[in-house]
Amino acid sequence: MKLGLALSGGSLRGAAHIGVLEVLLENGIEPDMVAGTSAGSVVGSLFAHGLHPKTIHKIATSIRGKQLIDWTTNFWGAFSLVFRLPLYFFGLTHDFSKWFPEGFIRGQKFEQYLSELFNLPATRKQLPLFITAVDLHTAESLIFTNHMQPRYQVPGCVYIPFENDLVAAVRASCSMPGLFTPRQFGQRTLIDGAIRLNIPAELLFQAGCDKVIAIDLLRSEMSKQSLSTFYDVMMRSWDIMTHEITALQLYDEKIFAIQPIIQDVGWTSFDKIEYCIEQGRQAALAALPELKKYIL
C-alpha cells in the first residue's frame with residue numbers, strides 16, 4: 001500500500017503542515033509521495049528533499065519577514081503613484097491601472113532563501129514530489145515532479161521534470177496573484193497553483209498511491225477576521241474562492257482530510273508561526289485514531 005500526502009496552500013498558515021508532519025512521523029506514519037501547492041509546496045519540498053519535520057520547524061520559527069520580502073515599488077515609485085492620482089481625478093488620464101506593478105513582491109529574496117534551504121544536507125530518504133502552478137495564459141496546471149509519468153493524466157495538466165528547477169517550481173507555486181509577481185518559466189508565466197489544485201490529492205492517486213492524507217488549511221474560522229483594508233478584502237475573497245475549489249477536491253471518500261483551525265493569521269504574521277505549527281499538531285492528534293484505521 002502506497003500512502004500519499006497532499007499539502008494545501010494557505011500563506012503563513014502553511015506552517016501548520018509542519019505540526020501535522022511531526023505527529024505523523026512520531027506515530028510511524030511515513031508517506032511514500034508528497035504533493036504540495038503554494039505554502040504546501042514549501043513545506044512539502046523540504047520534507048521530500050529529506051529534511052526532518054523538527055528541522056523544518058526550527059527553520060520556520062527563525063524566519064523574519066525582511067528575509068523574504070522585496071517590494072517591487074520603492075519609496076519613489078510609491079510617491080510617483082500617489083502623485084499621479086490627481087491626473088486621474090481631474091480626467092487627464094483614463095487608465096490608472098497601468099501604473100500598478102504585476103505584484104507587490106518581486107520574489108527574488110524568497111528564491112534565494114529557498115536555494116539556501118535546499119542546500120541543507122538531507123537526514124531522511126528523499127521522496128517523489130509533485131508541485132503545482134498555473135499558466136496564466138493557457139490556464140493549464142503545471143505539475144513539476146521528480147517522479148515518473150503517472151498512470152493516467154487529467155485534461156489541463158502538463159507534467160514537467162523539475163530537475164534543477166525546484167526553486168523556480170516552488171516560487172511559481174507560491175505566486176499569489178496581486179501579491180507576488182508571476183514567475184517566468186521559459187515562455188510560460190506562472191501563478192499560484194491553488195488557482196486550480198489547492199488540494200493536489202488526485203496527482204498522488206495518478207502516481208500510484210492507494211490512499212492519500214490531505215491537509216486542508218482553509219477550514220479556519222474567519223468570522224472574527226478584520227476586514228479594514230483592501231488587502232483584507234482581497235485575501236478574504238481569495239479564501240472564499242479557494243474554499244469552494246477545495247471542497248470539490250475533497251469530495252472523495254478515498255481521501256483522509258486533516259483540517260487545522262487557524263484564526264487571524266495574515267501573510268505577514270511571522271510571529272504566529274509557532275501557533276500555526278501547534279494548531280497543526282493538535283488537529284493531527286485529534287485525527288490520529290481515525291487516521292490509523294484509514295491506513296490499515
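Trainee: Before I look at details, what is the average pLDDT of the protein?

Mentor: The model is predicted, and its pLDDT averages 85. A score of at least 70 is reached by 78% of the residues.

Trainee: Where is confidence lowest, and where is it highest?

Mentor: Helix H5, residues 75-89, has the lowest confidence, with a mean of 56. Helix H1 has the highest, at 98.

Trainee: OK, strands now. Is E2 mostly covered or mostly open?

Mentor: Mostly covered. Strand E2 spans residues 33-37, and five of its five residues are buried.

Trainee: Which residues point which way?

Mentor: Met33, Ala35 and Thr37 point one way from E2. Val34 and Gly36 point the other way. All of them are buried.

Trainee: In what sense do E1 and E2 pair, and over how many bridges?

Mentor: Strand E1, residues 3-7, pairs with E2 in the parallel sense, over four bridges. Look for Ala6, which stands opposite Ala35 in E2.

Trainee: How does the chain get from E1 to E2?

Mentor: The chain goes through helix H1, residues 16-26. That makes a β-α-β crossover, and this one is right-handed.

Trainee: And how many bridges join E2 to E4?

Mentor: Four bridges join E2 to strand E4, residues 129-135, and the two run parallel. Thr37 has Thr132 in E4 as its bridge partner.

Trainee: Switching to helices. What do I quote for a packed pair?

Mentor: Two packed helices are described by the angle between their axes and the distance between the axes.

Trainee: Then what are the distance and angle for H2 and H7?

Mentor: H2 is residues 39-49 and H7 is residues 166-173. Their axes come within 7 Å and cross at roughly 155 degrees.

Trainee: Roughly parallel or roughly antiparallel?

Mentor: Angles over 145 degrees count as roughly antiparallel, so H2 and H7 are roughly antiparallel to each other. H2 passes H7 in a right-handed crossing.

Trainee: How many residues are buried in H7?

Mentor: Eight of the eight residues in H7 are buried. Among them are Leu166, Val170 and Arg171.

Trainee: And in H2, how many are buried?

Mentor: Eleven of eleven, so to speak: H2 is mostly covered too. Its buried residues include Val42, Leu46, Phe47 and His49.

Trainee: What follows H2?

Mentor: Gly50 follows H2, and its phi is positive, near 115 degrees.

Trainee: What about H3 and H10? How do their axes cross?

Mentor: H3 covers residues 53-62. The axes of H3 and H10 come within 9 Å and cross at roughly 150 degrees. That makes H3 roughly antiparallel to H10. H3 passes H10 in a right-handed crossing.

Trainee: Where does Trp267 sit?

Mentor: Trp267 lies in the loop between E11 and H10.

Trainee: Buried or exposed?

Mentor: Buried. The cut-off is under 20%, and Trp267 has a relative accessible area of 16%.

Trainee: How far is Trp267 from Gly10?

Mentor: Along the chain they are 257 residues apart, yet the C-alpha atoms of Trp267 and Gly10 are separated by 8.9 Å.

Trainee: Last one. Where is Glu140?

Mentor: Glu140 is in the loop between E4 and strand E5 (141-145). Its relative accessible area is 24%, so Glu140 is partly exposed.

Trainee: How far apart are Glu140 and Arg196?

Mentor: They are 56 residues apart in sequence and 8.6 Å apart in space, C-alpha to C-alpha.

Methods. Residues numbered from 1 in each chain as written. Predicted model: local features only at pLDDT ≥ 70, side-chain atom pairs only at ≥ 80, totals over all residues. Heavy atoms only, no water. Buried < 20%, exposed > 50% of the residue type's maximum accessible area, 1.4 Å probe, protein only. Pairing = 2+ DSSP bridges. Right-handed = clockwise from strand over helix to strand, strands pointing away. pLDDT = per-residue confidence, 0-100. Axes fitted to C-alpha atoms, helices over the stretch in contact; angles between N-to-C directions. Parallel < 35°, antiparallel > 145°, perpendicular 65-115°, else oblique. Left-handed = near helix turned anticlockwise from the far one by under 90°.
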